[in-house]
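User: I would like to learn how to read the features of a two-chain model. Please take them one at a time.

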Amino acid sequence: MTVIQKKPENPIAHLTPEDIELIGKELDTIRQEIRDSLGEDDAKYIRTVIDVQRKLELGSRAVLLFSKFPPAWVLGTAGLSVAKILENMEIGHNILHGQWDWMRDPKIHSTTWEWDMASPAEQWKHSHNELHHTYTNVIGKDNDLGYGIMRVDEDQKWHPMYLAQPLWNFINACFFEYGIAAYDLELGKNLATKKRRNDPKFRAAAKQVLKKIRNQAAKDYVVHPLLSGPSFLPTLAANFTANVVRNLWSHSVIMCGHFPEGVETFEKTSIDGETRGEWYVRQMLGSANISGSKAMHTMTGNLSHQVEHHLFPDIPSNRYAEIAPRVKEIFDRYDLTYHSAPLYKQVASAWHKVIRLSLPNGWLAETTPKNAPAQLAKLYKMTTGGPKVRRALQSKAAA
Amino acid sequence: MTATAPRPAAARTPARPALRDRVFKLAELVTTPLLPVDYLDLFDPLRSGAALRGRIEAVHEETRDAASIVIRPGRDWLPHVPGQYVRIGIDIDGVRQWRAYSITSVLGRPDGCFTITVKAIPDGKVSNHLVHRVKPGTIIQLDQATGEFCLPEETPGKALFVTAGSGITPVMGILRNSADSLADTVLVHSAPTSEDVVFGEELRQMAADGRIRLIEQHTDSAGMLDARSIAELVPDLHERATWACGPVGMLEALEEHWASVGIADRLYTERFRPRILVTGEGGTVTFTKNGTTVEADGATPILDAAEEAGVLMPSGCRMGICYGCVLPMRAGAVRDLRNGEITTAEDVGDGVLIQTCVSAAAGACDIDH
């Protein structure tokens, strides 16, 4: 993959500027229709999900008070994992997008909501809603692409440190909520220089994150285990497990949204003076869906409808399923690729890309069982040799 | 509520024991980032300590377009003073709408409920919903009762009530509770026909029992009463303290007449809606903290425009009286819809306070919210 603008066959070359504006208008019409039809059933939906989630969390935590009995541990941990996933995905993420602001209920509103997650809602809303959703898949602008720690594009120069990228990605997945918090703080950039480290704005934000983490950790790793008395350690382990399960799940879902093979990325300069139609087209090509059951859609917070979510980030998530066929029809009519596949396929595809890009360009594709020894020798040379060696071997491979 | 009758202050908050505070603090450690109340609300939304809510228990039809709604308030509800109104927040088509309605029930009902009486107005989203569609069991949001349209502590010997249409509702709240403590009461009530008189039967019974003198005016057949005819019907008008509630035009005519005969201080009036007098060019309203920008026309209060755009706004009476909606304006200008007065933020960052419920944008303005 490479940015869409540098591809030999640009998949949007056949669209005229008029086509692009028409696509924008059609999508605007869908959006308006849905907004106008929001009503009691939608309100009931989100209130029911919140109600179920809270009761599930409460029940699971109650069961975990007796977690030294293995069945209680299993039941409680499973329940809490599901509750945490629902809370982050279908509830928190979507409320913080303002999907439910139209209800005018101060208890379910993007400006008042706080979630079960290391990153404070306020900071996450900035990096996610304002940056990621505006600059979706623009290399160098959208840090959701690899979170600034991974090689996400062939055009990024390969370096031996990227060999560890699959490992990084896995560790990031396990502790995803802390990764997000660090990312929302722009920790890498802000810790780099003394001036940035001492910036009062950064310090205040960091303090806010630490406080949130402290509260979260006290709940899961101190107070709840203490309340469990003799079940202290099993409850601690259960809460840790539930957090890791939630982290792995949300990381997988989010990776499926923009990282599977075939999803397009864009050049920084390409979005200068971008029209609303062009923005829509970028969202269409920069996202991928996950197909599956209704339960799967709910557990992903309907981010399985990533394409629809990126087109209409503030439309309530329970409506994406009904919008999807209409959106797909537009893709088909304008001869664009609507990426959709089952979860396991999208996860595999995203991981394939992570691994492929952790290696020098073309290395994985060229490697067959027959030439594996030679390829490994080449990789060894590229890893241990200096930049000159790398360049020489790389250009030889490209030729 | 342009004039006020003296009455005891109503701002009381329930004392909360310190022990409960401590238990809640502890519970917060487990419920973070939510609060313990978020979980308790799942099981008992009307409990003490919850945000004030109520449950609709029954809807009684009064006339073809009016109904009394029986509401069981949450346990922190404080008794109202007859004549007061209550703000309710009800979800209609999924959207929370706030309106104020007069309380019409007797104090201290044995079932602990109170009633509001609502007349459906044409195109009234909330009033039509309450009169025609709302189902018992619905949970609504409540504020404590408020309002100054009440009898003074020392009841006047002679009283006159002048009402029209739904203007009878606060007066019914007063009559049901205090008719017997008033020695001499006259009620002049106007409605299109006899059937349209809300509480018609009960009022006629009160008159038959000699508790009040009732003058009904059926305007479809007999036309509107003007202030002069009221004065003729009630010749001892100047000896009476008068409470009036009804359409703005009627109230203004009464105020004028009472002033002209030099007894303006004996007239207490209650308005249900602000009188929109002046409109003009609208503008772009920016909510600086929230980041939302709203295009508002010159006839729409900023409060309504902002809510329409999904901004959570502080709000109160929605008629320019209670100051519950006041926010600082950092830049720009707004027009008071009641009199056309323009308020301008002198310097950028000024922070002049504006009532968003009766102010419309007069050009671009920045609100600190």
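Predicted model: local features only at pLDDT ≥ 70, side-chain atom pairs only at ≥ 80, totals over all residues.

User: Where do I start with chain B, and how many helices and strands are in it?

Analyst: Start with the inventory, then the overall dimensions. Chain B has nine helices and 17 strands. Its C-alpha trace spans about 65 × 50 × 40 Å along the principal axes. The radius of gyration of chain B is 22 Å, which agrees with the value near 21 Å for a compact globule, because that is what 369 residues would give.

User: What does chain A have in helices and strands, and what is its radius of gyration?

Analyst: Chain A holds 18 helices and two strands. Its radius of gyration is 23 Å, close to the 21 Å of the globule rule for 399 residues, so chain A is as compact as a globular protein of that length. Along the principal axes, the C-alpha atoms of chain A fill a box of roughly 65 × 55 × 50 Å.

User: What does UniProt list for residues 49–152 of chain B?

Analyst: A record entry is kept apart from what is computed on the model. The UniProt record, an unreviewed entry, gives "domain: FAD-binding FR-type" for residues 49–152 of chain B. In the model that span is 9% helix and 43% strand, and its end C-alpha atoms lie 31 Å apart.

User: How do I read a sheet, and what is the order of the six strands in the antiparallel one of chain B?

Analyst: The order is E4-E3-E6-E1-E2-E5 in chain B, an open sheet with antiparallel pairing. Its edge strands are E4 and E5 (114–119), each of which pairs on one side only. From one strand to the next the twist averages 40°. As a pairing to inspect, E2 (residues 66–73) and E5 of chain B run antiparallel and are joined by six bridges. Within E5(B), B:Thr115 stands opposite B:Val70.

User: Which strands does helix H4 of chain B lie across?

Analyst: H4 (residues 168–178) of chain B lies across E3 (85–92), E4 and E5 of chain B. The helix runs at about 55° to E4(B).

User: Which strands stand at the edges of the parallel sheet in chain B?

Analyst: That open sheet has five strands in the order E9-E8-E7-E10-E11 of chain B, with parallel pairing. E9 (213–218) and E11 (267–270) of chain B are at the edges with a single partner strand each, so one side of each is left without a neighbour in the sheet. The twist here averages 15° from one strand to the next. Four bridges join E10 (residues 241–245) to E11 of chain B, and the two run parallel. B:Leu267 in E11(B) is the bridge partner of B:Thr242.

User: How many residues does each chain bring to the contact?

Analyst: Count each side separately. Chain B gives 15 residues and chain A gives 27 residues. On the chain B side, H1 (18–31), H2 (36–43) and E4 (95–102) each supply at least two residues. By class, that side of chain B has seven nonpolar, four polar and four charged residues.

User: What is the phi of A:Asn137?

Analyst: Backbone angles are read residue by residue. A:Asn137 has a positive phi of about 60°, although A:Asn137 is not a glycine. The residue is in the loop between H4 (121–132) and H5 (165–174) of chain A.

Definitions and conventions: Residues numbered from 1 in each chain as written. Chains lettered and ligands numbered in written order. Contact = placed C-beta atoms within 7 Å. Nonpolar A, V, L, I, M, F, W, Y, C, P; charged D, E, K, R; others polar. UniProt positions renumbered as here; feature names shortened; annotations may be inferred. Pairing = 2+ DSSP bridges. Axes fitted to C-alpha atoms, helices over the stretch in contact; angles between N-to-C directions. Rg over C-alpha atoms; globule rule 2.2 N^0.38 Å.
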